Amino acid sequence: MEIYPAKEMMTVASAFARRSRAARGARERTGTAQAAPIELRGVTKRFATPSGSMFTAVRGFDMTVGAGKFCAVVGPSGCGKSTSLTMVAGLERPSAGTVSVGGKPVDGITAGTSFMFQADALMPWKTVVGNVALGPVFRGVPKKEAEAQAREWLRRVHLTGFENHHPHQLSGGMRKRVSLAAALINVPSILLMDEPFGALDVQTKAMMSNELLGLWEQTRPSVIFVTHDLEEAIALADQVVVMTVGPGTVKAVYDIDLPRPRGAVQEIRFDPRFLELHHQIWESLREEVERAYARTASAASAPGAQS
Amino acid sequence: MSAVPVNRGSEAATPAAIGDLAAGEEAAVAADIRRSTRSRRMRMWAARIGTLVIIIGGWQLLTSAKIVDPFFWGRPSGIVKQLNDWVQHGTEYGSIWEQIWVTFKEAVLGFVFGVAAGIVAGVLLGMFQFLADVASPYIKVANAIPRIALGSLFTVALGLGTPSKVALAAVLVFFVVFFNAFQGVREVDRNLVANARVLGASKLAIIRHVVVPSALTWIIASLHVAFGMAIIGAIVGEFLGAQKGLGLVIASSQNNFNPNGVFAAIFIIAVLALTAEGLIGLLERRLLSWRPRSQSEVADA
């Protein structure tokens with residue numbers, strides 16, 4: 001097992017050198033995805049709790065993500081961030097308001113979507129290549145061809161040589177890269193990420209962020225990236241949405257005017273503009289976090305802690 | 001496993017020397033581990049064989065000394081004699097091999113039908129909440145009735161032949177497999193299903209690629225118990241009325257006050273069950289080869 005971190009270190013070092021070349025090559029091969037704009041208008045989502053009472057996760061939520069834009073959503077725990085993602089994916093219906101993708105209201109599973117969950121959504125009984133090939137297989141691509149595509153994507157996330165491993169044989173960071181390949185293989189027009197790197201240690205997280213940015217720049221889907229981590233949000237996104245404490249709604253939207261390509265997220269942290277933005281957004285976020293904290297501290301029995 | 005050689009004190013040594021030293025030490029440690037594993041295994045086997053000798057020998061001695069009455073409790077030498085007699089001269093219902101075959105066939109058929117029905121019902125009810133809600137009181141009732149008693153019904157309705165035993169075995173197997181399949185389907189990771197849905201999987205593809213493989217761990221675990229149930233079903237069915245089979249051999253030994261015959265038949269059934277258990281173990285290892293080995297399995301290796 002000790003060899004895995006070493007392998008990861010190697011990829012960090014070489015990833016940057018390879019990135020610009022890979023980016024050019026990939027765009028020629030796969031073409032840029034038809035990125036779709038995402039719009040949420042006055043969206044409210046209520047759940048019935050097991051005890052039969054009502055729980056409102058989000059209320060009057062308005063958000064627009066332009067085609068090919070990277071939007072990060074930050075907010076305190078339980079503010080309905082994940083819920084809004086599931087509605088964009090079509091896994092849940094809004095109780096009121098409309099969600100539309102590419103100008104069309106979401107009805108059923110949104111086509112051209114990929115979802116990355118906080119927990120690995122990898123099938124433990126399938127090999128790495130089998131997992132990545134699932135997207136094409138579900139779309140009816142013959143198995144052989146799907147696996148060839150999967151191998152190509154595994155190469156892009158630097159996992160060549162691990163195709164026939166099972167997920168439990170990989171480190172957390174490697175599993176995330178498999179998830180990333182599995183999410184991107186369909187060349188999605190929108191990519192939804194629900195704290196995808198939340199469970200990783202700080203170094204691996206930074207590395208995965210770099211990897212994500214590199215791959216995102218190749219295909220440019222519209223992204224909604226839910227996170228707790230404001231630094232991660234600013235380093236990655238074009239736009240940071242701050243949500244209020246639950247039932248969540250949009251508190252403020254900040255445009256991140258840091259130039260692209262951003263380069264290493266570890267270094268952009270020291271950019272004066274980054275610090276300025278961080279300071280500004282944190283002011284706004286802190287109030288909500290404090291309010292959420294006060295609420296959980298006073299009423300630890302609040303129902304249905306949705307994040 | 002560390003690739004970096006560990007310096008054990010000798011600071012003046014060159015890196016190469018340290019590497020050699022570490023490699024030598026590592027080999028010695030590995031040999032040590034191998035030796036202790038081997039000696040542990042030998043002790044384990046000695047203890048196992050010792051246990052067997054004490055039980056069988058004690059039984060034989062106690063019955064020879066008439067402390068335990070061999071007329072009621074049989075004795076190992078008598079059991080061996082009985083087995084030998086069956087092999088040489090057959091039982092009163094024909095050759096011993098035929099009795100074994102009949103019981104085995106009944107158990108296997110019952111097992112196959114029971115498992116198939118259990119998986120289908122478990123997956124359906126696990127997938128469709130409404131069906132589960134409708135069926136749940138009936139399943140509770142069906143599970144509460146003493147299913148062995150159904151054997152009488154089957155014997156009357158289906159006759160003294162194979163079908164009545166297969167039916168009883170299948171009913172016993174069904175519930176074991178059903179509850180596991182049902183639970184297995186319910187325990188499927190919601191994230192995996194959501195992920196498959198977003199990736200564009202149809203309902204059928206979700207069952208095939210997510211639900212069934214995920215429930216398989218549960219289902220296979222139930223098969224071990226289920227085959228035992230199938231054998232119980234076949235034997236009890238034969239007790240209740242049959243023309244052939246090991247259950248009938250046990251019943252007639254009982255009527256003849258022949259405990260050695262009962263034990264001999266039990267011994268044959270145990271061998272049968274262990275063989276089937278081994279086959280199920282093989283199947284398990286094949287189907288669940290993706291699973292990480294558990295701590296106890298690693299320690300056992």
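The buried residues of helix H10 of chain A pack against strand S3 (70–74), helix H8 (230–236), strand S9 (239–243) and strand S10 (250–255) of that chain. A residue is called buried if 20 or more other C-beta atoms lie within 10 Å of its own, exposed if 12 or fewer do, and partly exposed in between, with C-beta atoms placed from the backbone. Helices (H or I, at least four residues) and strands (E, at least two) are DSSP runs, numbered from the N terminus. The model is predicted: local features need pLDDT of at least 70, side-chain atom pairs count only at pLDDT 80 or more, and totals for chains, interfaces and linings use all residues. Residues are numbered from 1 along each chain as its sequence is written, while chains are lettered from A and ligands numbered from 1 in the order in which they are written.

Helix H10 of chain A covers residues 272–298. Its 27 residues should span 39 Å at 1.5 Å a residue, and the end C-alpha atoms are 38 Å apart, which agrees. The expected span is 1.5 Å times one less than the number of residues. H10(A) bends by about 30° at A:Glu283, where the bend is the angle between axes fitted to the seven residues ending at a position and the seven starting there. The buried residues in H10(A) are A:Leu277, A:Ile281, A:Leu285 and A:Glu288. An α-helix has 3.6 residues a turn, so residues three or four places apart point the same way.

Chain A as a whole has ten helices and ten strands. Of its 307 residues, 46% are buried. Two residues are in contact if their C-beta atoms, placed from the backbone, lie within 7 Å. Among contacts in chain A between residues at least 6 apart in sequence, 74% join residues at least 24 apart.

Some loops of chain A hold backbone features to look for. A:Arg260 and A:Pro261 are joined by a cis peptide bond, with omega about -5°. A:Pro261 sits in the loop between S10 and helix H9 (265–268) of chain A. In the loop between helix H6 (172–184) and strand S7 (190–194) of chain A lies A:Val187, whose phi is near 45°, a positive value in a residue other than glycine. A:Val187 counts as partly exposed because it has 18 C-beta neighbours inside 10 Å. A:Glu195, in the loop between S7 and helix H7 (202–219) of chain A, has a positive phi too, near 40°. With 20 C-beta neighbours inside 10 Å, A:Glu195 counts as buried.

Chain B is built from twelve helices and zero strands. Of its 301 residues, 30% count as buried. Among contacts in chain B between residues at least 6 apart in sequence, 73% join residues at least 24 apart. The domain assignment, which comes from an automatic or database source, gives chain B a domain 1 (1–68) and a domain 2 (73–300). Five residues of domain 1 of chain B are in contact with four residues of domain 2 of chain B.

Helix H5 of chain B, residues 129–144, reaches 22 Å from its first C-alpha to its last, close to the 22 Å expected. H5(B) bends by about 45° at B:Ala135, and a proline, B:Pro137, follows within four residues. None of the 16 residues of H5(B) is buried. Further along, helix H11 (residues 259–287) of chain B contains B:Leu274. B:Leu274 is exposed because 10 other C-beta atoms lie within 10 Å.

The two chains meet through 20 residues from chain A and 18 residues from chain B. On the chain A side, strand S6 (113–116) and helix H4 (134–138) are the elements that give two or more residues.

The largest nonpolar core has 140 residues, and A:Val132, A:Ile224, A:Phe225, B:Val173 and B:Ala230 touch the most other members. Such a core is a set of buried Ala, Val, Leu, Ile, Met, Phe, Trp, Tyr and Cys residues joined through C-beta atoms within 7 Å. Helix H7 (residues 162–186) of chain B gives the most to this core, with 15 residues. Leaving aside neighbours within four places in sequence, B:Ala230 is in contact with residues including B:Ala107, B:Phe111, B:Leu172 and B:Val173.
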